[in-house]
Structure formats: structure tokens, C-alpha cells
Amino acid sequence: LSPSRRKFLAILREYKASNFEHDTPARFFHKMVRGADANQDGVVTMEEHRTLLQNIGAADKMTEGELCEIFDELGEDWKGEKV
């Protein structure tokens with residue numbers, strides 16, 4: 001995992017510890033992904049990641065460059081949109 005992905009996962013773990021302490025990690029991450037996928041198309045876009053960070057009060061914890069690094073690492077989906 002890239003440093004940016006590790007940082008993103010650490011932000012989610014911190015949020016889980018404060019707000020979803022009774023959920024299993026798998027259940028929590030499933031809830032986060034489903035909640036982040038605003039249009040329910042099965043693809044969480046960079047904009048949806050930004051919105052997720054805003055919604056959990058962590059928008060200032062990641063830079064645009066770090067988000068770009070995550071999406072560069074993950075690649076593109078079949079429509080050419082970053083996934």
C-alpha cells in the first residue's frame with residue numbers, strides 16, 4: 001500500500017474507533033464504501049472520496065495530491081474514470 005492509502009485507512013480506523021466501536025472492521029468498511037458511493041454505481045470516485053472525508057470531518061487530513069496518489073495506484077475502471 002502507498003503511504004496515502006495507509007493514511008486514508010488510518011483516518012477511517014480513527015473514525016471507526018470514535019463512532020462505530022461496536023461494528024466489526026469488515027462491517028464498518030462496508031458501511032463506509034456503501035455510504036461513499038453516492039450514486040450507487042459500484043464505483044467510488046475521487047469526488048465521492050472527498051465527500052466521504054468531508055462527511056466524517058477529515059477533509060483537512062488528506063491533500064489533493066494524496067487522493068491523486070491513491071487513485072493513480074488503483075488505476076482506472078472500464079469507463080476511463082478513476083476508481
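Q: What places Asp23 in a loop in this predicted model?
A: Asp23 falls between helix H1, which covers 3-19, and helix H2, which covers 25-36. The model is a predicted one.

Q: Why is Asp23 called buried?
A: The relative accessible area of Asp23 is 16%. Buried means under 20%, so Asp23 is buried.

Q: What makes the pair Asp23 and Lys31 a polar contact?
A: The side chains of Asp23 and Lys31 are joined at 2.7 Å, and the cut-off for such a pair of N or O atoms is within 3.5 Å.

Q: Which residues does Asp23 touch, not counting residues up to four places away in sequence?
A: Asp23 touches Lys16, Phe28 and Lys31 on that count. Contact here means heavy atoms within 4.5 Å.

Q: Why are H1 and H4 described as roughly perpendicular?
A: The axes of H1 and H4 (residues 64-74) cross at roughly 110 degrees and come within 8 Å. Angles of 65 to 115 degrees count as roughly perpendicular, and therefore H1 and H4 are roughly perpendicular to each other. The handedness of this crossing is left-handed.

Q: Which residues bring H1 and H4 together?
A: On the H1 side they are Pro3, Ser4, Arg5, Lys7 and Phe8, and on the H4 side Glu66, Glu69, Ile70, Glu73 and Leu74. By class, this contact of H1 with H4 holds 5 charged, 4 nonpolar and 1 polar.

Q: How do you know that Glu66 counts as buried?
A: Glu66 has a relative accessibility of 17%. The limit for buried is under 20%, so Glu66 counts as buried. Glu66 belongs to helix H4 and touches Ser4, Lys7 and Lys61, not counting residues up to four places away in sequence.

Q: Why are H3 and H4 called oblique?
A: The axes of H3 (residues 46-55) and H4 cross at roughly 130 degrees. Roughly perpendicular ends at 115 and roughly antiparallel means over 145, with the rest counted as oblique. H3 and H4 are therefore oblique to each other. Their axes come within 11 Å, and the crossing is right-handed.

Q: What makes up the contact between H3 and H4?
A: H3 supplies Met46, His49, Arg50 and Leu53, while H4 supplies Glu64, Leu67, Cys68 and Phe71. The contact of H3 with H4 divides into 5 nonpolar, 2 charged and 1 polar residues. Cys is listed among the nonpolar residues, so Cys68 of H4 falls in that class.

Definitions and conventions. Residues numbered from 1 in each chain as written. Predicted model: local features only at pLDDT ≥ 70, side-chain atom pairs only at ≥ 80, totals over all residues. Heavy atoms only, no water. Helix = DSSP H or I, 4+ residues; strand = E, 2+ residues; numbered from the N terminus. Buried < 20%, exposed > 50% of the residue type's maximum accessible area, 1.4 Å probe, protein only. Polar contact = N/O pair within 3.5 Å; in protein donor to acceptor, adjacent residues only side chain to side chain. Axes fitted to C-alpha atoms, helices over the stretch in contact; angles between N-to-C directions. Parallel < 35°, antiparallel > 145°, perpendicular 65-115°, else oblique. Left-handed = near helix turned anticlockwise from the far one by under 90°.
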